[in-house]
Amino acid sequence: MNRCIVQRLREHLSNSLQCGAIMGIGDLLAQAFGNKATFEDVDRLRAIKYATIGLIVGPFLGVWYTFLEKHVPRKDSKFKRALKKTAYDQLLLAPILTLAVVPLVGIINRQSYDQIKYRLTVYYPQILRKNYEVWLIIQLINFSIFWEHSGGRSLFET
């Protein structure tokens, strides 16, 4: 097999596994701290479902971060690069990723087409708004501090 193809497959597998782990652990933490649940009370199956979503979207996120690195000029100041990457991330990726993840959650939870359609219609704007409330500042910090110190890898890059 071509060495380039093997390298690309390894990157996608790595992105997939890392994103799956982050999403699974993130869900466990959200349940434990957000719902104030004890370890015995957390829904492990739910965490596995979110980890599965991470396995699916991980390669896409890896491609996205590579895109950002290639299309945001290095000649810009560190802060300007961070602002541009955050703007691209939140204005382009966030709506698309949210639009993809909401149905994935529905599919993994074995919801009907009508239930998924309802969730998109009713909850999509709320989820996107909450995304902006939380991730806008996190991604700005991520792109301005962690990204540059890790050789072009985001703290949340999978």
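**View 1. Arginine 110 in the loop between α3 and α4.** Arginine 110 sits in the loop that joins α3 to α4, where helices (H or I, at least four residues) and strands (E, at least two) are DSSP runs numbered from the N terminus. The phi angle of arginine 110 is near 60 degrees, a positive value in a residue other than glycine. Arginine 110 is exposed, with a relative accessible area of 78%; buried means under 20% relative accessible area, exposed over 50%, and partly exposed in between (1.4 Å probe, protein chains only). This is a predicted model, in which local features need pLDDT of at least 70 and side-chain atom pairs count only at pLDDT 80 or more, while totals for chains, interfaces and linings use all residues. Residues are numbered from 1 along each chain as its sequence is written, and side-chain values use heavy atoms, with hydrogens and water left out.

**View 2. The protein as a whole.** The secondary structure comes to four helices and zero strands, and the pattern read along the sequence is α-α-α-α. Taken along the principal axes, the C-alpha atoms fill a box of roughly 45 × 40 × 35 Å. Of the 158 residues in the protein, 34% are buried. Among contacts (heavy atoms within 4.5 Å) with a separation of 6 or more, 69% are between residues 24 or more positions apart.

**View 3. Phenylalanine 60 in helix α2.** Phenylalanine 60 belongs to helix α2 and is partly exposed, with a relative accessible area of 42%. Not counting residues up to four places away in sequence, phenylalanine 60 touches Leu93 and Leu97. Phenylalanine 60 and threonine 38 are 22 residues apart in sequence, and their C-alpha atoms are 33 Å apart in space.

**View 4. The two domains.** The domain assignment gives domain 1 (1-58) and domain 2 (72-148), with bounds that come from an automatic or database domain assignment. The centres of domain 1 and domain 2, taken over C-alpha atoms, are separated by 17 Å, and six residues of domain 1 are in contact with six residues of domain 2.

**View 5. The largest pocket.** A pocket is, on a 1 Å grid over the protein atoms alone, an open set of points where a 1.4 Å probe fits, with protein on both sides within 12 Å along at least five of seven lines, and its lining residues have an atom within 4 Å of a point. The largest pocket has a volume of about 1,200 Å³, a volume being the space filled by probe spheres set on the points, which are joined across faces, edges and corners. Both domain 1 (1-58) and domain 2 (72-148) give residues to the lining, so the largest pocket lies between them. The lining holds 29 residues, of which Met23, Leu97, Val101, Asn131 and Trp135 lie nearest the centre of the pocket. At least two lining residues come from each of α1 (3-34), α2 (44-71), α3 (78-108) and α4 (113-149), and α3 gives the most, with nine residues. By class, the lining has 18 nonpolar, six polar and five charged residues, where Ala, Val, Leu, Ile, Met, Phe, Trp, Tyr, Cys and Pro count as nonpolar, Asp, Glu, Lys and Arg as charged, and the others, Gly among them, as polar.

**View 6. Cysteine 4 and cysteine 19.** Cysteine 4 is exposed, with a relative accessible area of 53%, whereas cysteine 19 is buried, at 4% relative accessibility. The count of disulfides (pairs of cysteine sulfur atoms within 2.5 Å) comes to zero.
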